[in-house]
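Have the viewer open as you read.

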Amino acid sequence: MNRRKRVRRMMILTMLLAMSIVFHMLEPSLPLPIPGVKLGLANILGLIALYMFGWREMLSINFGRVLIASLLRGIIFGTGFWLSLSGVALSSLTVIILKKFTPLSAVGLSVASATFHNIGQILAIIVIWSSIMMVYWLPVMIWMSIPTGILTGTLAVAVLKRISKGGSP
Amino acid sequence: MNKADKTFIAIVAVLSVLLYGSLQYVVRATTSNQKIAVVSYRDKEVLRIDMSRDDKYVVQGTLGEVFIEVEDNRIRVEKETSPLHICSIQGWIEYANVPITCLPNHIVIVIINAVNENGEDTTVK
């Protein structure tokens with residue numbers, strides 16, 4: 001990879017990371033009919049990084065987003081940070097495995113990402129609160145991850161189509 | 001969306017419904033008539049509430065006071081200070097082992113049965 005391409009790649013990744021941090025920080029203030037449910041808009045940027053570059057870049061976007069957003073919000077190493085981190089870790093791992101071994105499209109991967117993000121968060125809550133009872137919320141969260149995953153996956157596909165038309169890498 | 005996506009989504013939907021049904025069955029089957037609500041702050045029990053008495057309670061959470069109300073063998077967080085007010089929006093719970101979790105306030109409320117494993121009544125402080 002020549003220098004020009006490297007710089008271009010780095011700039012795109014930086015922009016994806018910046019946008020994912022903005023989405024991550026703004027999302028809790030979006031009014032949704034069900035309390036506690038988030039759309040997961042920041043996952044769109046991770047999916048775009050996965051399809052444009054590869055799984056390493058997706059991991060750097062996802063983990064970078066959690067770390068920097070937590071630092072900016074002043075919740076680093078707090079409960080919210082560990083919930084986000086565990087959710088991102090499990091969802092990213094799932095997406096990498098499913099992309100490699102299944103024919104799922106970006107929409108299916110997005111649903112899987114949302115589902116396993118919720119599972120990761122519930123597992124973290126169970127560990128933090130030392131209580132298995134938190135599993136009670138898992139079915140509701142998994143159920144909600146279907147529409148939110150379809151929405152974010154569809155948005156990611158639309159963005160990727162536009163990027164490919166524009167001649168990006 | 002391709003066929004694999006649809007199959008995956010259907011599997012996730014069916015599993016979540018099955019899990020929901022199983023958990024509902026378990027919590028209903030394991031709830032007795034005599035109940036106690038256990039209120040914990042940062043994993044430490046701070047209050048035990050007899051669910052047979054209608055009353056209001058206040059416990060200190062991380063972001064402020066958490067107001068708890070008991071009525072007709074049900075319990076809810078009436079009001080609290082938090083960004084999204086998820087635990088007060090959650091409303092009434094009446095079954096054992098269904099938690100009310102006020103994450104920003106580090107408060108968890110869980111109903112337990114008033115009879116312990118040895119068949120003895122649990123003492124309410």
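In chain B, 4 strands make an open sheet in the order E2-E1-E7-E6, with antiparallel pairing. Strands here are DSSP E runs of at least two residues, helices are H or I runs of at least four, and both are numbered from the N terminus; two strands pair if DSSP finds at least two bridges between them. Strand E2 (44-50) and strand E6 (100-102) of chain B sit at the edges with a single partner strand each, so one side of each has no neighbour in the sheet.

Strand E1 (residues 35-41) of chain B runs antiparallel to E2(B), and 6 bridges join them. One bridge pairs B:Tyr41 with B:Lys44 in E2(B).

This is a predicted model: local features need pLDDT of at least 70, side-chain atom pairs count only at pLDDT 80 or more, and totals for chains, interfaces and linings use all residues. Residues are numbered from 1 along each chain as its sequence is written, while chains are lettered from A and ligands numbered from 1 in the order written.

Now for the partner. Chain B puts 24 residues in contact with 24 residues of chain A (contact: C-beta atoms, placed from the backbone, within 7 Å). Helix H1 (3-29), helix H2 (86-89) and strand E7 (107-113) of chain B each give two or more residues to that side, and H1(B) has the largest share, 10 residues.

| Domain of chain B | Residues |
|---|---|
| domain 1 | 1-30 |
| domain 2 | 33-113 |

Taken over C-alpha atoms, the centres of domain 1 and domain 2 of chain B are 28 Å apart.

How values were computed
Two residues are in contact if their C-beta atoms, placed from the backbone, lie within 7 Å. Domain bounds come from an automatic or database domain assignment.
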